[in-house]
Amino acid sequence: MKKILIVDDEINTGVLLSKFLSRNSYEVTTALSGSAAMEHLASGDYDLVLCDYRLEDTDGREMLIKIKDLYPKTGVIIITGYSDIKLAVELIKLGAYDYITKPLYPDEILNTVNKAIETQIALNDTKSKTSTSEVKQLEKPEITYIRDEAFVVGQSGASKELTRQIKLVAPTSYSVILTGDSGTGKESVAKTIHLNSPRKDKPFVAMDCGSLTKELAGSEFFGHEKGAFTGALYTKIGHFEMANGGTLFLDEVGNLSYEVQAILLRTVQERKVKRIGSTKEINLDVRLIVATNENLQDAIQKGRFREDLYHRFNEFSIHLPPLHDRGKDILLFAENFLGEANRELNRQIKGFSPEVIECFLNYKWPGNVRELKNVIRRATLLTEGDEVQVKALPLEISTYSNVSAETGGQQPLRTEEKPRDLKAAALEAEYETILKLLKEVNFNKTKAAKLLNIDRKTLYNKMKAISRKD
């Protein structure tokens, strides 16, 4: 029986909630103050806390911060007598599962509590790996199609939390910062936010800021008139104007130079642009979503990113978890990408062998979702039968078969008999040396070749020979 703690200084509310949830198979305890609640939490393991925002000795925000700090495995739902989207966003960012306004309706409460318990259990289990037998019981991935791409709604706690935050912020006009490692799918999330917003019928415009120079910035952001400068042979519409009424996605925003940031700040503040060479101002109604794999707060401290621009962007932030933290969702992504590759290559591959599934679950995926997609496209091309086999995987992934998901070990599968002749023994030793060194340098082939005192071409040839051997 799951344990719930209700924190409310109104006795009647606490009693009613306690009786209602007890009738629905929950073990319920009530507290009339924040201090009493903390005592209960210290003496028992609670799965969920329902906390009123206004308490005599504290408030829901402070309680949330304490609970998530001291008892991270406990979910929190905040209850309040008024609705405020800014407060809701702040509470969600601080770790609350949800935010319920009074009056309280039984069906809404029970539904929210059930989902919160389910999500918290999933979050607590995210770090434990999924066994092959469990993988076979996975549901088909839920997919929201985005033009020629797809956003896979995962089942892990991390994925459910990501989806919940997307659904929360999408209907608003808030600017959003998407953070996370390279390849985690930030543009896909940005498109999903756009398609679930009131702007879904307006343009979604993506712009890569990674290599944008000061000289190009004005033209790319704002456009220019024909003849505005040498080489301006035609009128060009800038990205802000193209996205007017819709969403502008700025990728790798942390790479913008300080000078370009100043140009961008003025536009974000005034919501107006002028094409270079024009005197006409164009009013903007653009939602901004920016992405970075950098820590912008560190960049601010080092003087590489403007703090005022950061706060203009940071009305809401979403962190995308790395693929290896999303547990069995790796298999959902894999199944989705296999479907895409089948359509692209006109193939009919039905799935993955148990050994491939094991490799997928044990490999660390430094390139995240992007790497997985590329691996499956390659494997689909190489596969001859109905099922992807280990031999179709790159060397750095194929060695992660027959590894215990529970122990987290990452030793290659080498179950055949030891070679008896000297040539075979030498090849075996060479295999082990190359593989061990590749893992030590995180499969950086240039670095591995240098340490092995051979050139990259020789290393690639040896890796291909090893792959054929397996």
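The crossing of helices α14 and α16 is right-handed, a crossing being right-handed if the near helix is turned clockwise from the far one by less than a right angle, and left-handed if anticlockwise. In this predicted model, local features need pLDDT of at least 70 and side-chain atom pairs count only at pLDDT 80 or more, whereas totals for chains, interfaces and linings use all residues. Residues are numbered from 1 along each chain as its sequence is written, and side-chain values use heavy atoms, with hydrogens and water left out. Helices (H or I, at least four residues) and strands (E, at least two) are DSSP runs, numbered from the N terminus.

The axes of α14 and α16 come within 9 Å and cross at roughly 45 degrees; axes here are lines fitted to C-alpha atoms, for helices over the stretch in contact, and angles run from 0 to 180 degrees between N-to-C directions. The two helices, α14 and α16, are therefore oblique to each other. Under the scheme used, angles under 35 degrees count as roughly parallel, over 145 as roughly antiparallel, 65 to 115 as roughly perpendicular, and the rest as oblique. On the α14 side, the residues that meet α16 are Ile330, Phe333, Ala334, Phe337, Leu338, Glu340, Ala341, Asn342, Glu344 and Leu345. Their counterparts in α16 are Val369, Leu372, Lys373, Ile376, Arg377, Thr380 and Leu381, contact meaning heavy atoms within 4.5 Å. By class, the contact of α14 with α16 divides into 11 nonpolar, two polar and four charged residues. Here Ala, Val, Leu, Ile, Met, Phe, Trp, Tyr, Cys and Pro count as nonpolar, Asp, Glu, Lys and Arg as charged, and the others, Gly among them, as polar.

Glu371 lies in helix α16 (residues 368-382) and is buried, with a relative accessible area of 15%; buried means under 20% relative accessible area, exposed over 50%, and partly exposed in between (1.4 Å probe, protein chains only). Leaving aside neighbours within four places in sequence, Glu371 is in contact with Tyr363, Trp365, Pro366 and Ile397. Asn346 lies in the loop between α14 (329-345) and β17 (351-352) and is exposed, with a relative accessible area of 67%. Phi of Asn346 is near 60 degrees, a positive value in a residue other than glycine. Most residues other than glycine have a negative phi. Glu252 also has a positive phi, of about 55 degrees, although it is not a glycine. This residue, Glu252, is found in the loop between β12 (247-251) and α11 (258-270), where it counts as buried at 17% relative accessibility.

Attention now turns to the sheet. Five strands form an open sheet in the order β2-β1-β3-β4-β5, with parallel pairing; two strands pair if DSSP finds at least two bridges between them. The edges are taken by β2 (27-31) and β5 (98-101), each with a single partner strand, so one side of each is left without a neighbour in the sheet. From one strand to the next, the twist averages 20 degrees.

Within this sheet, five bridges join strand β3 (residues 48-52) to β4, and the two run parallel. Ile77 in β4 is the bridge partner of Leu50, and Ile78 in β4 is that of Cys51. Helix α3 packs on the sheet, touching β3 and β4, and its direction makes about 175 degrees with that of β4. Strand β4 (residues 75-80) has six of its six residues buried, so it is largely enclosed by the rest of the structure. In a regular strand the side chains alternate between the two faces of the sheet. Both faces of β4 are covered, with Gly75, Ile77 and Ile79 buried on one side and Val76, Ile78 and Thr80 buried on the other.

Helix α3 has a helical partner too. Helix α2 (residues 34-43) and helix α3 (residues 60-70) pack at an angle of about 15 degrees, with their axes 11 Å apart. That makes α2 roughly parallel to α3, and their crossing is right-handed. Gly34, Ala37, Met38 and Leu41 of α2 make the contact with Met63, Lys66, Ile67 and Leu70 of α3. This contact of α2 with α3 has six nonpolar, one polar and one charged residues.

Two further buried sites complete the account. Ser175, in the loop between α7 (157-169) and β8 (176-179), counts as buried at 2% relative accessibility. Apart from its neighbours within four places in sequence, Ser175 is in contact with Arg271, Leu288, Arg312, Phe313, Glu315 and Phe316. Tyr431, found in helix α18 (residues 422-440), counts as buried at 2% relative accessibility. Tyr431 and Lys462 are 31 residues apart in sequence and 8.4 Å apart in space, C-alpha to C-alpha.
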